[in-house]
Amino acid sequence: MGFVNGRTYRFVSNAFRGYALNVYGTNAASTGRNVCLFTNDTADIMQKWVVRSSGSGRFRMHSSVNNNFVLDCSDGALDTSYKNNAHLCSTVETNPKDSEVVFEPTGTDNVYRICLVGHNLYLTATNTKVVNNVPASAIRTSTALTGGTGGESNVYWTSKAPSSSVMGSKQEWIVSPKVDGVPESNNPYAALKWRYVFDNIQNCNGKFGYDPTRSPKGHWGIDVICDEGIVVRAPAKGTVYAVGGSTFQHSGFPNVNISGVSEHKSMGYFVVLKMDDLDPVTKRPMYVRFLHFRAVPPVRYGETVSAGKLLGYVGDTGESTAPHLHLDINTKSSNQFFGDGYTTANTINPVNFFPGVSFPAEYYNTGVYE
C-alpha cells in the first residue's frame, strides 16, 4: 500500500488477530513506557502511530497523546531473547540506530515486517508474559492480551525468523488504514478523491509547507519544487474563477485581454479554480490557487474544467526564487484570488486532499486530518 508521511496507522498482529500494537497506559507517554499488545480498537488513541517516512524512518505516538515519543529499542544487551524490549523513548533521548525502521513487504497485501535497521532486528509479538527478561506462562485470555509494565503480551525486537515458522508470523503486522478490507480515515477531504495536480505523484518535494506561524507572514499552502515546464492539471471538476498575470480575468473583469500580459509581481502567472465540491467540514465553496506558472495559462474565466484538465506549466514567475508550484486552498467570502486575509479558519492544508502522495514530513505539522 505504501506509507505516507504524516499519516496515522495501526499495526495489528498477524499471529494474534484481534490484537494491536499498543502503548501500555491511558493518554500517557514517557520514556521507557512499555509497548505491548492489546485488544484491537480503532478508536483507541494508544494504538495510533504517525509514520514519518515512505519506506523507512521512525514512527511516533499520535499527536493527541504526545508525538515527541517514538518506538524504540531498550538499552539492554542486544541478543535474540526478550531483552530487546520495544518501548517508547523521547525523540531527544534516542538515536537513529535504536529507532529508525524499514517496513518490509511480505508479499501479502497490507502485511509487513518492521526491521530496526541499526541492529537488524524485527518487531515481534508474543502472548507470553515476560518477567525480569525471562518468559513466563502464557496469559492470553478470551478477552484480551493484557498489557503491563512487567512485559505482559510483550512486543520486542529479535532476529529475523523464516516466514513459514511460527515466529515468522509473530513478526508480521497487518497495517491500517486498510485492516481486513475496512478503510480507516478521519480525513473528510480524502473522500473527495481528487487527483494529484501532477501526473507523477513522486513530484512532491519542497521546503515550505502549510505553516500559519511562519515569519514574517504565514504560508497558507504548499510549495512543490520541480522542473520548469512540468504540466499542472485540475484536481477535480470546477470553474476558472481567475486567470492571468498583472492583468487577470475575474468576475469584475471577465473579458479583459490577458494575451501577452506581464506576470503579477507576487503571484506570477496564475489560475484560481472554484471547485464544484463544497468544503465537507464548513460546507463553504472552495477555491484553489495555482501560482508562478511559466506563462499565461491556457484557460479563461468562466471555463468549466474537469479533473486532469491542463491548467498550465510550472514556472518561476512572481515572488519566486526557483521553479515551483505554490498551491493553496481557501474558503474566503471575497478576494479569493489574493492571498491576504488568510486564517486557519478559511484555509485548508492541501496535503489533506492527496493522501496517496508522500510530501515532506514537515508538510504535515499543521492542519492535517488523520
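## Briefing: loops, cores, pocket and cavity

Ala 190 touches Asn 352 and Pro 355, leaving out residues up to four places away in sequence. The model is predicted. Ala 190 sits in the loop between strand 18 and strand 19. From Ala 190 to Gly 356 the C-alpha distance is 9.2 Å, though 166 residues separate the two in sequence. Two of the topics below are a pocket of about 730 Å³ and a nonpolar core of 39 residues.

**The loop between strand 18 and strand 19**

- Besides Ala 190, this loop holds Lys 193 and Pro 216.
- Strand 18 covers residues 182–183.
- Lys 193 has a positive phi, near 60°, and is a residue other than glycine.
- Lys 193 counts as exposed because its relative accessible area is 72%, and the cut-off for exposed is over 50%.
- The peptide bond between Ser 215 and Pro 216 is cis, with omega about 5°.
- Most residues other than glycine have a negative phi, and most peptide bonds are trans.

**The largest cavity**

- How many cavities of 30 Å³ or more are there? The count is 1.
- The largest cavity holds about 50 Å³ of space.
- Its lining includes Asn 352 and Pro 355, the two residues that Ala 190 touches.
- Arg 7, Asn 187, Val 351, Phe 354, Tyr 364, Val 368 and Tyr 369 also line the largest cavity.
- By type, this lining has 6 nonpolar, 2 polar and 1 charged residues.

**The largest pocket**

- The largest pocket has a volume of about 730 Å³.
- Which residues are the closest to its centre? They are Lys 217, His 219, His 292, Glu 319 and His 326, out of 26 lining residues.
- Strand 19, strand 24 and strand 27 each give two or more residues to the lining.
- The lining of the largest pocket is made up of 9 nonpolar, 10 polar and 7 charged residues.

**Nonpolar cores**

- The largest nonpolar core has 39 residues.
- Phe 290 and Phe 359 have the most contacts inside this core.
- Another core lies apart from the largest one and has 29 residues.
- Tyr 19, Leu 88, Val 155 and Trp 173 are among the residues of that other core.
- In soluble globular proteins, nonpolar side chains tend to be buried together.

**Strand 24 and its partners**

- Is strand 24 mostly covered or mostly open? It is mostly covered, with 8 of its 9 residues buried.
- Strand 23 and strand 24 run antiparallel and are joined by 6 bridges.
- Tyr 269 has Phe 293 of strand 24 as its bridge partner.
- Strand 23 and strand 24 form a hairpin with 6 residues between the strands.
- In that hairpin, Lys 283 has a positive phi near 65°.
- Strand 24 also runs antiparallel to strand 27, with 5 bridges joining them.
- Here Arg 289 has Asp 328 of strand 27 as its bridge partner.

- Strand 10 (residues 101–105) pairs with strand 11 (residues 111–116) in the antiparallel sense, over 5 bridges.
- Val 101 has Leu 116 of strand 11 as its bridge partner.
- These two strands form a hairpin with 5 residues between them.
- Gly 107, in the turn, has a positive phi of about 100°.
- Asn 120 lies in the loop between strand 11 and strand 12 (121–125).
- Phi of Asn 120 is positive, near 55°, and the residue is other than glycine.

**His 87**

- His 87 belongs to strand 9 (residues 86–90).
- Why does His 87 count as buried? Its relative accessibility is 12%, and the cut-off for buried is under 20%.
- Leaving aside neighbours within four places in sequence, the contacts of His 87 include Gly 32, Arg 33, Asn 34 and Val 35.
- Val 70, Leu 71, Asp 72, Cys 73 and Ser 74 are also in contact with His 87.

How values were computed:
Residues numbered from 1 in each chain as written. Predicted model: local features only at pLDDT ≥ 70, side-chain atom pairs only at ≥ 80, totals over all residues. Heavy atoms only, no water. Core = buried A, V, L, I, M, F, W, Y, C linked by side-chain atoms within 4.5 Å. Buried < 20%, exposed > 50% of the residue type's maximum accessible area, 1.4 Å probe, protein only. 1 Å grid on protein atoms, 1.4 Å probe; cavity = no way out; pocket = protein on both sides within 12 Å on 5 of 7 lines; lining within 4 Å. Points joined across faces, edges and corners; volume = space filled by probe spheres on them. Helix = DSSP H or I, 4+ residues; strand = E, 2+ residues; numbered from the N terminus. Nonpolar A, V, L, I, M, F, W, Y, C, P; charged D, E, K, R; others polar. Contact = heavy atoms within 4.5 Å. Pairing = 2+ DSSP bridges.
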